[in-house]
Amino acid sequence: MRTSTTGRVGQYAALLAYLVFLAFPFLWLLSVAFKSPRELGSLHPTWIPRDPTLDNFRQAFDEQPLLRAAGNSLLAALGAALIAVLIATPLAYVMARRRSLLARAATGWVVVSQAFPLVLVIIPLFLVLKNLRLIDSLFGLVLLYVVWALPFALWMLVGYVRAVPEELEQAAAVDGAGRLRTLVSVTAPLLAPGIVATALFAFITAWNEFFFALVLLKTPEKQTLPVVLTHFIGAEGVADLGPLAAAAFLATLPSLVVFALIQRRITSGMLAGAVKS
């Protein structure tokens, strides 16, 4: 009994330490965003600002086109999420229902592709987009985000499809419905929560992405929000800390809100189909 209690206390302590580790950057960002320049330069910093101010937020919007950059990020993220879901849904259905060697190989490739580093794929993707004349284009960036989000979207949706009883589709087939009609009228409504969760995950991934946008977008008017945030860092590497923290805090909020809405759905999508009923 004592060993069990000690182990449980250790687990809770480790979980608490992990939560503190995850929350520290956001709490620090929130604290710095509301501090005045004088307080930021203090030799005795505090977590809670002594004299909270909104000047950093005003300065951030005055110095950089945050709204335009947020609009570009929103357009790219929405486009990537929509296209990724439209492609992944029928593919996931085939991979989940067709128990062939090709389907198993495709599932394995989806898992293996997640291990590819960005540096490995950016050069061939850049060359492809260059041949298509889509460099420095938001549409080209959307296509790149779709390619990057598609493997995980497939992985999630395959789990959701496997959780749908095949008996429902067999009953629809008895009534004369074809594969496409069955997918649209029977399976898709049951997959709606999973499709929404997958789309929101693709949205979060595209909204936060920095490396691809930095490489592809050179025109300032087309740059996304993560790229614009780097403009608060001077040529000598000195950051305008207050406005940078304020802008980064605002850029983080959409991801936190969306993730809070879908975190249960993401977990269920990973586990769906793992246990056979």
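Guide: The accessible surface of the chain comes to about 16800 Å². Carbon and sulfur atoms hold 70% of that surface. Keep in mind that this is a predicted model.

Visitor: What elements is the chain built from?

Guide: The chain has 12 helices and 0 strands. The C-alpha trace spans about 75 × 65 × 30 Å along its principal axes. Buried residues make up 37% of the 277 residues.

Visitor: Why is Ser73 called buried?

Guide: Buried means under 20% relative accessible area. Ser73 has 3% relative accessibility, so Ser73 counts as buried.

Visitor: Where is Ser73, and which residues does Ser73 touch?

Guide: Ser73 is in helix H4, residues 66–97. Beyond its sequence neighbours up to four places away, Ser73 touches Trp207, Thr224, Leu225 and Pro226.

Visitor: How do H4 and H9 pack?

Guide: Two packed helices are described by the angle between their axes and the distance between the axes. For H4 and H9 (residues 179–208), the angle is about 145° and the axes are 8 Å apart. The crossing is right-handed. On the H4 side, the residues that meet H9 include Ser73, Leu74, Val85 and Tyr93. On the H9 side, they include Leu183, Ile195, Phe203 and Trp207.

Visitor: What makes Leu190 partly exposed?

Guide: The label applies between the buried limit of 20% and the exposed limit of 50%. Leu190 has 45% relative accessibility, so Leu190 counts as partly exposed. Leu190 is in helix H9. Leaving aside neighbours within four places in sequence, Leu190 is in contact with Val164 and Leu168.

Visitor: Why is Phe21 called exposed?

Guide: Exposed means over 50% relative accessible area. Phe21 has 60%, so Phe21 is exposed. Phe21 lies in helix H1, residues 2–33. With Tyr12, Leu15, Tyr18, Leu19 and Leu22, Phe21 makes a nonpolar surface patch of about 690 Å².

Visitor: How many salt bridges does the structure hold, and what makes Arg50 and Glu39 a salt bridge?

Guide: The structure holds 2 salt bridges. The cut-off is a side-chain nitrogen within 4 Å of a carboxyl oxygen. Arg50 and Glu39 are at 3.9 Å, N to O, so the pair counts as a salt bridge. Arg50 lies in the loop between helix H2 (37–40) and helix H3 (55–63), and Glu39 lies in H2, so the pair ties together parts that are 11 residues apart in sequence.

Visitor: Is Glu39 buried or exposed?

Guide: Buried means under 20%. Glu39 has 8% relative accessibility, so Glu39 counts as buried.

Visitor: How do you know that Arg58 and Asp55 form a salt bridge?

Guide: The distance is 2.6 Å, N to O, and the limit is 4 Å, so Arg58 and Asp55 form a salt bridge. Both lie in helix H3, 3 residues apart, about one turn of the helix. Arg58 counts as partly exposed at 48% relative accessibility. Asp55 is partly exposed too, with 45%.

Visitor: How many of the contacts join residues at least 24 apart?

Guide: Among contacts between residues at least 6 apart in sequence, 72% join residues at least 24 apart.

How values were computed:
Residues are numbered from 1 along each chain as its sequence is written. This is a predicted model: local features need pLDDT of at least 70, side-chain atom pairs count only at pLDDT 80 or more; totals for chains, interfaces and linings use all residues. Side-chain values use heavy atoms; hydrogens and water are left out. Patches are made of residues with over 30% relative accessible area and no salt bridge: like charges are joined within 9 Å, nonpolar side chains (Val, Leu, Ile, Met, Phe, Trp, Tyr) within 5 Å. Accessible areas come from the Shrake-Rupley method with a 1.4 Å probe; for residues, only the protein chains shown count as cover. Helices (H or I, at least four residues) and strands (E, at least two) are DSSP runs, numbered from the N terminus. Buried means under 20% relative accessible area, exposed over 50%, partly exposed in between (1.4 Å probe, protein chains only). Contact means heavy atoms within 4.5 Å. Axes are lines fitted to C-alpha atoms, for helices over the stretch in contact, and angles run from 0 to 180 degrees between N-to-C directions. A crossing is left-handed if the near helix is turned anticlockwise from the far one by less than a right angle, and right-handed if clockwise.
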